[in-house]
Amino acid sequence: MYKEAWGKYREGFRMLLPFILVKLLFQISSFKFTDSNVTLDKYDMITGGETLLRNISGANVKALVISNLFLIIISIIVVPLVYSFLYLVIKMIVRDEEVNYREAFDESLQFYLRYLTLTIIIGALIIGIAFLAIFSIMIPFFIIAVVILLVYVIVTVIPCEAYLIYHDVSAEEALSKGREIGKKYFWKLAGIVVITSLIGSALKIIPDTNIIVYAAKDFITISIGLYMYIFAMILCKQEEN
């Protein structure tokens, strides 16, 4: 299965490159002009850099939101459309269909609200569990259990967006059925998450001395992330049979 995903990734990389460059441009812009690491992310509308969980005091949250308000608004508007478009292109690649950007973009419009709803549900679920970790910080055993639960949920929701696009269903059904696939292939998905995390951690060691270094690191990170999306789409295709 890993090999199949890698083959599709190599075959479709040229078709995926525009998405990599668009996301890279957005993240470079946020790094260059706002001195932040706000990014377009798969699971949350806004992630990276300082997070609301690490800046839980009212003053810090207010400053964080104000400093990134424009990027937050753009992300909320753009993220569901961009990823719906991206997943439709990935669906075409996985099904060995000819990629037509115009058709994929037009079709992505009908997924906008459903993808937005699904993203909000997943984001709220993850943030809710993360807050449990903050409140249980004085109880070591409980916080370990919460962290394990958080990792489990993050891994099992990976196929949900792919399921939404591949099967053209509601956000609720995509969450339910996608998590079923996530649970079934938990260890395969977890393996990719571990490898991706290790590579990401290794890249963080390299200081962002200039915009070129930052862009190179981000290009690698984004490219690796696309492999995960293709793998999730292949799982949805396999479960169709």
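**Helix packing around α9**

In this predicted model, helix α9 contributes K188, L189, I192, V193, T196, I199, L203 and K204 to a contact with helix α10, which answers with K217, I220, T221, I224, Y227, M228, F231 and L235. By class, eleven of the residues in this contact are nonpolar, two are polar and three are charged. An α-helix has 3.6 residues a turn, so residues three or four places apart point the same way.

Two packed helices are described by the angle between their axes and the distance between the axes. For α9 and α10 (residues 211-240), the angle is about 175° and the axes lie 10 Å apart. Angles over 145 degrees count as roughly antiparallel, and α9 and α10 are therefore roughly antiparallel to each other.

Helix α9 (residues 186-205) also packs with helix α6 (residues 140-156), here at an angle of about 100° and with the axes 9 Å apart. Because angles of 65 to 115 degrees count as roughly perpendicular, α6 and α9 are described as roughly perpendicular to each other. On the α6 side the contact is formed by Y152, V155 and T156, and on the α9 side by F186, L189, A190 and V193. Six of these residues are nonpolar and one is polar, with no charged residues.

Helix α7 (residues 160-167) is considered next. Seven of its eight residues are buried, so α7 is largely enclosed by the rest of the structure. The buried residues are C160, E161, A162, Y163, L164, I165 and Y166. After α7 comes D168, which has a positive phi, near 55°.

Key. Residues are numbered from 1 along each chain as its sequence is written. This is a predicted model: local features need pLDDT of at least 70, side-chain atom pairs count only at pLDDT 80 or more; totals for chains, interfaces and linings use all residues. Side-chain values use heavy atoms; hydrogens and water are left out. Axes are lines fitted to C-alpha atoms, for helices over the stretch in contact, and angles run from 0 to 180 degrees between N-to-C directions. Helices (H or I, at least four residues) and strands (E, at least two) are DSSP runs, numbered from the N terminus. Angles under 35 degrees count as roughly parallel, over 145 as roughly antiparallel, 65 to 115 as roughly perpendicular and the rest as oblique. Contact means heavy atoms within 4.5 Å. Ala, Val, Leu, Ile, Met, Phe, Trp, Tyr, Cys and Pro count as nonpolar, Asp, Glu, Lys and Arg as charged, and the others, Gly among them, as polar. Buried means under 20% relative accessible area, exposed over 50%, partly exposed in between (1.4 Å probe, protein chains only).
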